[in-house]
Amino acid sequence: MLSRMTSSKLICTSLFLAVVAAASPMLLKLNDLSHSVWGNALPLFWTRNRNFNICLLVTGSLLFAYLILKVWKFLFHPLEMQRKLHDIGYFSDEKRPLKDVANEYRKRRKRGEVPPVYPNGWFHVLASNELAMGEVKYVSILGEDLVVFRGTDGIAYIVNAYCPHLGANLGIGGQVVGDRLQCPFHGWKFRGSDGKCTDIPYSENIPNFAQTKAWNCWETNHTIYIWYHAEGSEPSWYPDEIEEIQNGTWTYRGFTQHTINAHIEEIPENGADLNHLDHLHSSPVLSGVDLRHIFSHWWQFARHNWSAEWKPLEDTKHVGCLQLTGPGLVFMKWRSSFGDGIFLHSVTPKEPLLQIMRHSIYVSRGVPTIVAKFLLYAEAIQFLEGGGSMARVVDFRKPRLGQYTAP
């Protein structure tokens, strides 16, 4: 019996060893698989999960920072908005882009006998912060091709764009050297104050024709102005210096700029037409600028009330007077419970019936930027309501009065 049991144990042991021996390669593979799956995959999973969490954290942080930046800009950054010609007063025919529609209206308008398209006076060229020291900019306004540059002396100069030598555009590639502008073609240097050529690198003689026109330039209120006069007369007056802007009491909070089809005379005439205020500009800002919808009864719950009036002159009772700073500049001061400020309005003719209208706002330091931006945006809405109605066709076949006569 014992021998049988021993034989059985030996047989079982032998079978077990045989099974183990036979299964050992498989166990090794399973062991490798276990290590590969649990020993590598699990740490890999946690590694990937950790990387995913890091990526999620970084993405969330960037989105949060972007949101904070947007909120900061909305609350504290000045409003700077520019509208092109086709953004005002034109409606799509659903076949062509608005740009093409606007250009077509410009080509086929009836003009008739128009008043002078470039009146005498001072006109906005650039904001002071748009021209750094040593910088050169080409501008096309008042039917002229001009170059504005700021010398190393900090003074802004305006001269004709084309070099009298071979007609190179001084505003494209020209370099500032002191108070002079160097031509990019041959290095001729022109003085900003009078346009006279002062140096030719390869010649000691300077011909008499080596001079470009220098324009009267005046920089104040953080703005660069140019004097235009049809007969070439010197300035008879200068734009008022706003003391609060000059001494920093009022700070810059933004601008809006619009390009419109109109004669420059129409814009000050529109400001003098007090009868249209209660009718056209009574709708709230939220009603938008589309004249087809701003008079909807949905907007009757809130309306603007206007109290402007003309006052007769002492000597001529039947003539009303509205004091403006030339056709190109209007300075409108205002007061409110939030603080004080000013709108700087400028109209600069780019070509005969194409105007660049710009509104800048400066307010006292205590006025929240978001409030100033709302006022500026509301001013832009009011302008678009009126500007859009006159942007399509200009017909000056009938003579216009030079002044507004009260009824």
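A residue is buried when its relative accessible area is under 20%, exposed when that area is over 50%, and partly exposed in between. By this cut-off Lys189, at 16% relative accessibility, counts as buried. The model described here is predicted.

**Salt bridges**

Four salt bridges are found in a search of the whole structure. Three of them are listed below, each with the distance between N and O atoms.

| Arg150 | Glu219 | 3.0 Å |

The bridge between Arg150 and Glu219 links distant parts of the chain: Arg150 belongs to strand β4 (residues 144–150) and Glu219 to strand β11 (residues 217–220), 69 residues apart. Arg150 is buried, with 8% relative accessibility, whereas Glu219 is partly exposed at 32%.

Asp199 is partly exposed, at 26% relative accessibility.

**The five-stranded sheet**

An open sheet of mixed pairing is formed by five strands, in the order β1-β13-β18-β17-β16. Its edge strands, β1 (79–83) and β16 (329–335), each pair on one side only. On average, neighbouring strands of the sheet are turned by 15° against each other, direction ignored. Seven bridges join β16 to strand β17 (residues 340–351) in the antiparallel sense; Val330 stands opposite His345 in β17.

Key:
Residues numbered from 1 in each chain as written. Predicted model: local features only at pLDDT ≥ 70, side-chain atom pairs only at ≥ 80, totals over all residues. Heavy atoms only, no water. Pairing = 2+ DSSP bridges. Helix = DSSP H or I, 4+ residues; strand = E, 2+ residues; numbered from the N terminus. Axes fitted to C-alpha atoms, helices over the stretch in contact; angles between N-to-C directions. Salt bridge = Lys/Arg side-chain N within 4 Å of Asp/Glu carboxyl O. Buried < 20%, exposed > 50% of the residue type's maximum accessible area, 1.4 Å probe, protein only.
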